[in-house]
Amino acid sequence: MTLSRARSGRQAVLFVLLTPLLMFLSVCLERADPRVPGKFAFLVLLGPTLLVALTGKRWQGLATAVISGLGCVIAGWVGSGMNLATLSTTAMSMPVILGAALLSVGTLLTLRCDEAERRIGDLDSAVARVVAAETVEHLVEAILDASATLIPDHAVELYVWEPREHGFVPTGARNGLRPMYAVPLFGGLIKDGAALAPTMQDWKYLDHELDRAHGTEHRLPLTSGDDEVFGFLRFEDTKSPSSEISHLLQILANFSGLAIKNVLLFERLREQ
């Protein structure tokens, strides 16, 4: 299972083609009320600028931002008749200010969406590797690589649930994070000679105890979707990642927890 990217650019083509028509409409509106040049052009061209930035490709968003910015200036000046005798210098400079605002908004939003799309693409590849892993070793490498890709500036360590040791065992790290010892879990349930994976309630207690023992760190449990925790990621930075990155990390954690559960089950079946 992989993640799809919706920013194909097809939806943006219509808005790009409509931009010249909207510029003509802006000129007509500006001529009807030239007291504040550029105000109608800004409002009319803001829609396609935002929509192309959100749904179009990078070049479409940047091109539309430039066209809309220049269109706002031209429509404001042409609509006012370039009459400096009846309009103040401040009023005549309004189209330039509003056009620059359109250019800035369109460019920044396009680049922001482009970066978000790149991160989703990285997560897509990472999730595919995690799901395809057939051994614990390959799975550990896939999860650590995915974490390092999403947050390259953070040192990270992975702990995997080990039923025979009744605890979380450190299995790998990235970016030179100082390793921590294995984390035992006391009071868990035993079934068929093997310790059951801890629940989220167990994890909350364990996370609190780790805060007391090692100070506040950012830790992310790897869940299987049925209230079981099969590992966790430990980050060196005490601050939580941004909401956007946290959302992507949570998706990775859900896939990783399920993948660990399946790999542990397969290894247990092979041992029987």
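Arg129 and Asp145 pair through their side chains in a salt bridge, with an N to O distance of 2.9 Å. Arg129 belongs to helix H4 and Asp145 to helix H5, so this pair ties together parts 16 residues apart in sequence. The model, which is predicted, has seven salt bridges by the rule applied.

**Salt bridges**

- Arg129 is partly exposed, at 43% relative accessibility, and Asp145 is partly exposed too, at 25%.
- Lys261 pairs with Glu228, and their closest N and O atoms are 3.4 Å apart.
- That pair links distant parts of the chain, with Lys261 in helix H7 and Glu228 in the loop between E6 and E7, 33 residues apart.
- Lys261 has a relative accessibility of 25% and counts as partly exposed.
- Asp114 meets Arg58 in a salt bridge of 2.7 Å, N to O.
- Because Asp114 lies in helix H4 and Arg58 in helix H3, this pair ties together parts that are 56 residues apart in sequence.
- Arg58 is partly exposed, with a relative accessible area of 41%.

**Nonpolar cores**

- The largest nonpolar core has 41 residues, of which Leu139, Leu158, Leu233, Leu249 and Ile260 touch the most other members.
- Among the elements that give two or more residues to this core are helix H4 (89-132), helix H5 (136-150), strand E7 (229-235) and helix H7 (243-271).
- H7 contributes the most to this core, with 10 residues.
- Another core, of seven residues, lies apart from it and includes Val27, Ala41, Cys72 and Leu102.
- Leaving out residues up to four places away in sequence, Leu233 touches residues including Ile143, Val156, Glu157, Leu158 and Leu222.

**Glu157**

- Glu157 sits in strand E1, which spans residues 156-162.
- Its relative accessible area is 2%, so Glu157 is buried.
- The Glu157 side chain makes a polar contact of 2.6 Å with the side chain of Arg234 and another, of 3.2 Å, with the side chain of Tyr159.

**Surface patch**

- Val66, Leu70, Ile74, Val78 and Leu103 form a nonpolar patch on the surface, with about 400 Å² of accessible area together.
- Helix H3 (residues 58-80) gives the most to the patch, with four residues.
- Ile74 lies in helix H3 and is partly exposed, with a relative accessible area of 45%.

How values were computed:
Residues numbered from 1 in each chain as written. Predicted model: local features only at pLDDT ≥ 70, side-chain atom pairs only at ≥ 80, totals over all residues. Heavy atoms only, no water. Buried < 20%, exposed > 50% of the residue type's maximum accessible area, 1.4 Å probe, protein only. Polar contact = N/O pair within 3.5 Å; in protein donor to acceptor, adjacent residues only side chain to side chain. Core = buried A, V, L, I, M, F, W, Y, C linked by side-chain atoms within 4.5 Å. Contact = heavy atoms within 4.5 Å. Patch = residues over 30% accessible without salt bridge, like charges linked within 9 Å, V, L, I, M, F, W, Y side chains within 5 Å. Areas by Shrake-Rupley, 256 points an atom, 1.4 Å probe, with all protein chains shown as cover. Salt bridge = Lys/Arg side-chain N within 4 Å of Asp/Glu carboxyl O.
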